[in-house]
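Subject: The structure for you to look at

Dear colleague,

I am passing on the structure that I promised you, and below it I describe what was found in it. Please keep it open beside this message as you read.

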Amino acid sequence: MNLSDFDYNLPEELIAQTPITKRDESKLMVLDKETGQINHQHFHDILNLLNKGDVLVLNDTKVIPARLIGTKQDTNAAIELLLLKDLGKNIWECLSRPAKRLKVGTIVNFSNKLQAEVIEKKDEGIVYVKLIYKGILMEILDELGNMPLPPYIHENLKDKDRYQTVYAKNIGSAAAPTAGLHFTKELLKELENKGIEILFITLHVGLGTFRPVETENILDHHMHSEFYEMSSDVALKLNLAKKENRKIYAVGTTSVRTLETIIHKYDKFKACSGNTDIFIYPGFRFLAIDGLITNFHLPKSTLLMLVSALSTKEIILNAYNEAIKEKYRFFSFGDAMFIK
């Protein structure tokens, strides 16, 4: 399979620059993954599209204000670091820009409260840094850091919370699990009242989710690993749902990657944590999920490959072309799709 097989033309004006006023009033495309039939709804209509006993699995990761702008201690040159993964003992994996200005031993100053020392350089702009700070790190990041909005969003975010899901809990992501941005607390309550089972897992979104594919043969692409976790209570409930043949729907590609990683490794759901570099593309055999709530993804991205695997490349690209025709909003702050 070639990278060019997953390309499509998107008018720039359809890239959502700001969140919609009310989260659950975004458009929702409902797609039959077998037939390709499309219906146009609004996100709050998900209440009528799910049945009692269905299971929704959401990613409760919380985004860190992980984008830091500082200066090199020796030259005052501007440096940007995006904190990707906490490796322990104040060591962080970061994406750096411009990486060529950094070498092992470089000190980057962010304020009198926070510095970073480069301790290792990797490929693709990745560096490992030791954070040097006084006080509580997350409080310092709240003060100094910016939300790590994707590069295609050019407008400032007025409310930081709009790049968090309403159920965000476990701190550690470098990007939001954007399919979950459409849910309100009221909608989640209505779903529970209808008898929809709502379960939470964690995957901290890092480089693996949003790194572009740069190899024409997609099988040559290397996925970076991301941390995931599932509790014993959630594993128990998911295994019961499977046994009772109830539908399991993932909210977001990060939830899919977590669920499929676990079930392919253990042949069932199990309380566990670890790192996954699972790469899902057409031909993949889904064992965990029956459907997916997701946003519209970038051309040539691993996420577009994942949703294509759940249906077919032809059905998904046809749905994307329909979304363009109907003026859907695309990407992180855009509209949603329910593949069932």
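This is a predicted model: local features need pLDDT of at least 70, side-chain atom pairs count only at pLDDT 80 or more; totals for chains, interfaces and linings use all residues.

Residues are numbered from 1 along each chain as its sequence is written, and side-chain values use heavy atoms, with hydrogens and water left out.

The whole protein

The protein contains eight helices and 17 strands, where helices (H or I, at least four residues) and strands (E, at least two) are DSSP runs numbered from the N terminus. Its C-alpha trace spans about 60 × 45 × 40 Å along the principal axes. The radius of gyration is 20 Å, which agrees with the value near 20 Å that a compact globule of 340 residues would have; this radius is taken over C-alpha atoms, and the globule rule is 2.2 Å times the number of residues to the power 0.38.

Of the 340 residues, 55% count as buried, a word that here means under 20% relative accessible area, while exposed means over 50% and partly exposed lies in between (1.4 Å probe, protein chains only). The accessible surface comes to about 15,600 Å², and 47% of it belongs to carbon and sulfur atoms; such areas come from the Shrake-Rupley method with a 1.4 Å probe, and for residues only the protein chains shown count as cover. If we take contacts (heavy atoms within 4.5 Å) between residues at least 6 apart in sequence, 69% of them join residues at least 24 apart.

Paired strands

Two strands are said to pair if DSSP finds at least two bridges between them. Strand β10 (residues 126–133) is joined by five bridges to strand β7 (residues 91–97), and these two run antiparallel; in this pairing Ile91 stands opposite Lys130 in β10. Strand β10 also pairs with β9 (residues 114–121), again in the antiparallel sense, over seven bridges, and here Ala116 stands opposite Leu131.

What lies between β9 and β10? The two strands form a hairpin with four residues between them. Glu124 is partly exposed, with a relative accessible area of 42%.

Most residues other than glycine have a negative phi, and most peptide bonds are trans. Against that background, Lys300 also deserves a look, as its phi is positive at about 60° although it is not a glycine. Lys300 lies in the loop between β16 (291–295) and α7, and its relative accessible area of 33% makes it partly exposed. The bond between Arg97 and Pro98 is a cis peptide bond with an omega of about -10°, and Pro98 is placed in the loop between β7 and β8 (107–111).

Buried and exposed places

How many of the nine residues of helix α7 are buried? Nine of the nine residues of α7 (residues 302–310) are buried, so this helix is largely enclosed by the rest of the structure; among them are Leu303, Met305 and Ala309.

Ala250, in strand β14 (residues 248–251), is buried with a relative accessible area of 0%. Leaving aside neighbours within four places in sequence, Ala250 is in contact with several residues, including Val57, Leu259, Ile289 and Ile293. Ala250 and Asp290 are 40 residues apart in sequence, yet their C-alpha atoms are 8.1 Å apart in space.

Asp24 is found in the segment before β1 (27–31) and counts as buried at 7% relative accessibility. Not counting residues up to four places away in sequence, Asp24 touches Phe43, His44, His182, Thr184 and Leu187.

Is Ser232, in turn, buried or exposed? Ser232 has 54% relative accessibility and therefore counts as exposed, and its place is in helix α5 (residues 232–243). From Ser232 to Asn59 there are 173 residues in sequence and 16 Å in space, C-alpha to C-alpha.

With best wishes,
Your colleague
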